[in-house]
Amino acid sequence: LKMLAVVSEGETYVREGKLADAKKYFAQLASTSQADPVRAAALAGEAHALVLGTAGKVEVKPLREAQQKLAESILLDTANGDTTAKALFLQGKILTTLGPQHEADNFKQRARDYFETVVKYYGTLTWASEARVELTK
């Protein structure tokens, strides 16, 4: 519950479209928190802000930075799995955004694998609903 309260401020920035504020908040939280679940959620939040900041455009540098933060967040997520589900979903979205110009030929299958994992293992979470939508594309 404490983690949710700490992370919710950054999530509010994301929902309001204040992506620079969200990135700053989450970066600060990730660098100062001693609790792995909080650091995991902060890294995923920062990555989410980076992804949204590209607005679907292929901006390789911020998307690669987001991929790294998401990978670390998965490793640190020892809580309820919501952070991992978010990170896996966003990894899939990044692959589809980067596309064949910046990824291997199998990028679509790799993205699909991420989405299917979210649905299979985190099916009751919000991220699974979004993953199901991506699987219909």
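## Helices α5 and α7

In this predicted model, helices α5 and α7 pack with their axes 9 Å apart, at an angle of about 20°. Angles under 35 degrees count as roughly parallel, so α5 and α7 are roughly parallel to each other. Their crossing is left-handed.

Who does the touching? On the α5 side you'll find Asp82, Ala85, Lys86, Phe89 and Lys93, and on the α7 side Trp127, Glu130, Ala131 and Glu134. Sort the residues of this α5 and α7 contact by type and you get 4 nonpolar, no polar and 5 charged.

## Helices α5 and α6

Now look at α5 with another partner, α6. The axes of these two helices come within 8 Å and cross at roughly 160°. An angle over 145 degrees counts as roughly antiparallel, and that is therefore the label for α5 and α6. The crossing of α5 and α6 is left-handed.

From α5, the residues in this contact are Ala85, Leu88, Phe89, Gln91, Gly92, Lys93, Leu95, Thr96, Gly99 and Pro100, and they meet Phe107, Arg110, Ala111, Tyr114, Phe115, Thr117 and Val118 of α6. By type, the residues where α5 meets α6 split into 10 nonpolar, 5 polar and 2 charged.

## Helices α4 and α5

There's one more α5 pairing to check out. Helix α4 covers residues 60–76 and helix α5 covers residues 82–102; the two pack at an angle of about 150°, and their axes are 9 Å apart. That makes α4 and α5 roughly antiparallel to each other, and their crossing is left-handed.

The contact list here runs as follows: Val60, Leu63, Arg64, Ala66, Gln67, Leu70, Ala71, Ser73 and Ile74 belong to α4, while Thr83, Thr84, Ala87, Leu88, Leu90, Gln91, Ile94, Leu95, Thr97, Leu98 and His102 belong to α5. Grouped by type, the residues where α4 meets α5 come to 12 nonpolar, 7 polar and 1 charged.

## A closer look at Thr84

Let's zoom in on one residue from that list. Thr84 sits in helix α5. Is Thr84 buried or exposed? Its relative accessibility is 9%, so Thr84 counts as buried.

What does Thr84 touch, leaving aside its neighbours within four places in sequence? The answer is Ile74, Asp77 and Tyr122.

## Aromatic rings

A pair of aromatic rings is described by how far apart the centres are and by the angle of the planes. The count for this model is 4 aromatic pairs. Take Tyr25 and Phe26: their ring centres are 5.8 Å apart and their planes sit at 70°, so this pair is edge-to-face. Phe26 has 0% relative accessibility, so Phe26 counts as buried. Tyr13, Tyr25 and Phe26 together form one aromatic cluster.

Then there's the pair of Phe89 and Phe115. Here the ring centres are 5.5 Å apart and the planes are at 45°, so the pair is tilted. Phe89 is in helix α5 and Phe115 is in helix α6 (residues 107–121), so this pair ties together parts that are 26 residues apart in sequence. Phe89 is buried, with a relative accessible area of 5%, and Phe115 is buried too, at 3%.

With a relative accessible area of 0%, Ala42 is buried.

Which residues does Ala42 contact, if you leave aside neighbours within four places in sequence? They are Phe26, Leu29 and Ala30.

## Gly123 in a loop

Last stop: Gly123, which lies in the loop between α6 and α7 (126–135). Its relative accessible area is 29%, so Gly123 is partly exposed. Not counting residues up to four places away in sequence, Gly123 touches Val118, Ala128 and Arg132.

How far is Gly123 from Ser31, C-alpha to C-alpha? They are separated by 31 Å, and along the chain they are 92 residues apart.

Definitions and conventions
Residues are numbered from 1 along each chain as its sequence is written. This is a predicted model: local features need pLDDT of at least 70, side-chain atom pairs count only at pLDDT 80 or more; totals for chains, interfaces and linings use all residues. Side-chain values use heavy atoms; hydrogens and water are left out. Axes are lines fitted to C-alpha atoms, for helices over the stretch in contact, and angles run from 0 to 180 degrees between N-to-C directions. Helices (H or I, at least four residues) and strands (E, at least two) are DSSP runs, numbered from the N terminus. Angles under 35 degrees count as roughly parallel, over 145 as roughly antiparallel, 65 to 115 as roughly perpendicular and the rest as oblique. A crossing is left-handed if the near helix is turned anticlockwise from the far one by less than a right angle, and right-handed if clockwise. Contact means heavy atoms within 4.5 Å. Ala, Val, Leu, Ile, Met, Phe, Trp, Tyr, Cys and Pro count as nonpolar, Asp, Glu, Lys and Arg as charged, and the others, Gly among them, as polar. Rings of Phe, Tyr and Trp (its six-membered ring) pair if their centres lie within 6.5 Å; planes under 30 degrees apart count as stacked, over 60 as edge-to-face and the rest as tilted. Buried means under 20% relative accessible area, exposed over 50%, partly exposed in between (1.4 Å probe, protein chains only).
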